[in-house]
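Please keep the sequence and the model in view while reading.

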Amino acid sequence: MIIAQLSDIHADGSRGPLDRLDRVLGWLRPMRPDAIIVSGDLAEFEHAQSYQQIDERLTGMGVPFYVVPGNVDDHHALHQVFGAKMGWSGSRPLNCVGQVGDRLRLIGLDVTVAGAHHGDAAPVLDWLATELQRPGPPALIFQHQHPFFCGIDGKDRNNCRSHEALSLVIGKADSAVLGLSCGHVHRPLFTRFAGMPATMAPSVARANRLRLDGKESEISDPPGLLIHHMQDGRLVSHVVMLG
Ligand SMILES: [Fe+2]
């Protein structure tokens, strides 16, 4: 089973971000994923038009897809375009749930805070706990802001707050969760959170520099994505960079 994770498309009404998205989807098409998840920051300007353009492209892939908002998204415009498909009935948070066959659940958490770059999991903790109590296959949780410390200089100021409480909810659910993946920092990375594997997807948009302990080197990362591959109950996450 293949779950493709795209993140941080940052569409803005210009051609560049859509060209990068087309490149990513062009690579992905022969892989015939079972589902696609998009972990936020779909558009930063021209939101309504950008969401339409992204929806057309994702719909054209012919597989179920799930999106959650990021800090530069417009919740109203996102709801207008994706609300019916995501099952968003009313106002925020714009969480979503999907099941892929009988082996995997996908739980998308809206941890965004209006007008802020950081996130906060507190408003969705009860909802998540209820979802994780439902009978069903184990879940891959995805959200925009990272609930762990990534260590990249300046990038942890805008992480997902209430991560201790989120960790408790996930830890309590134990085998109901396979892992958590996010976006937001525009760099692929791997760590652990709540005793589970935790990943961050590379961005479709331009990557951020890897600046650690005040040190950095030149980079020019191309667009990329994560491929989460599930086999015999095990999840392996692959980084794909389209250089
Ligand atoms: Fe972001």
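1. The model is predicted. Helix α3 comprises residues 75-86, and its axis lies 9 Å from that of α2, at a packing angle of about 30°. Because angles under 35 degrees count as roughly parallel, α2 is described as roughly parallel to α3.

2. Which residues make up the contact of α2 with α3? On the α2 side they are H47, A48, Y51, Q52 and D55. On the α3 side they are A77, L78, Q80, V81 and F82. By kind, the residues of this contact divide into 6 nonpolar, 3 polar and 1 charged.

3. Helix α2 (residues 47-59) also packs with helix α1 (residues 15-28), at an angle of about 10° and with the axes 11 Å apart. That angle makes α1 roughly parallel to α2. The crossing of α1 with α2 is right-handed.

4. In the contact between these two helices, α1 contributes L18, L21, D22 and L25. Helix α2 contributes Q53, I54 and R57. The division here is 4 nonpolar, 1 polar and 2 charged.

5. The axes of helix α4 (residues 125-133) and helix α5 (residues 163-173) cross at roughly 10° and come within 10 Å. With that angle, α4 is roughly parallel to α5.

6. What kinds of residue form the contact of α4 with α5? The residues divide into 8 nonpolar, no polar and no charged. In α4 they are L125, L128, A129 and L132, and in α5 they are A165, L166, V169 and A173.

7. The strands come next. In general, strands of a sheet pair through backbone hydrogen bonds, either parallel or antiparallel.

8. Residue I3 stands opposite A35 in β2. Residue I37 stands opposite Y66 in β3.

9. Is strand β2 (residues 35-39) largely enclosed or open? It is largely enclosed by the rest of the structure, because 5 of its 5 residues are buried. Residues A35, I37 and S39 point one way from β2, whereas I36 and V38 point the other way. The residues on both sides are buried.

10. A second open sheet has 6 strands in the order β4-β5-β7-β9-β11-β10, and its pairing is mixed. Strands β4 (96-100) and β10 (189-193) stand at its edges; each has a single partner strand, so one side of each is left without a neighbour in the sheet. The twist here averages 20° from one strand to the next.

11. Strand β5 (residues 104-108) and strand β7 (residues 139-142) pair in the parallel sense over 4 bridges. The bridge partner of R105 is A139 in β7.

12. Most residues other than glycine have a negative phi. D8, found in the loop between β1 and α1, has a positive phi of about 50° although it is not a glycine. Is D8 buried or exposed? D8 counts as buried, because it has 27 C-beta neighbours inside 10 Å and the cut-off for a buried residue is 20 or more.

13. The other case is D174, in the loop between α5 and β9 (177-182). Its phi is near 50°, again a positive value in a residue other than glycine. D174 is exposed, with 12 other C-beta atoms within 10 Å; the cut-off for an exposed residue is 12 or fewer.

How values were computed
Residues numbered from 1 in each chain as written. Predicted model: local features only at pLDDT ≥ 70, side-chain atom pairs only at ≥ 80, totals over all residues. Axes fitted to C-alpha atoms, helices over the stretch in contact; angles between N-to-C directions. Parallel < 35°, antiparallel > 145°, perpendicular 65-115°, else oblique. Left-handed = near helix turned anticlockwise from the far one by under 90°. Contact = placed C-beta atoms within 7 Å. Nonpolar A, V, L, I, M, F, W, Y, C, P; charged D, E, K, R; others polar. Pairing = 2+ DSSP bridges.
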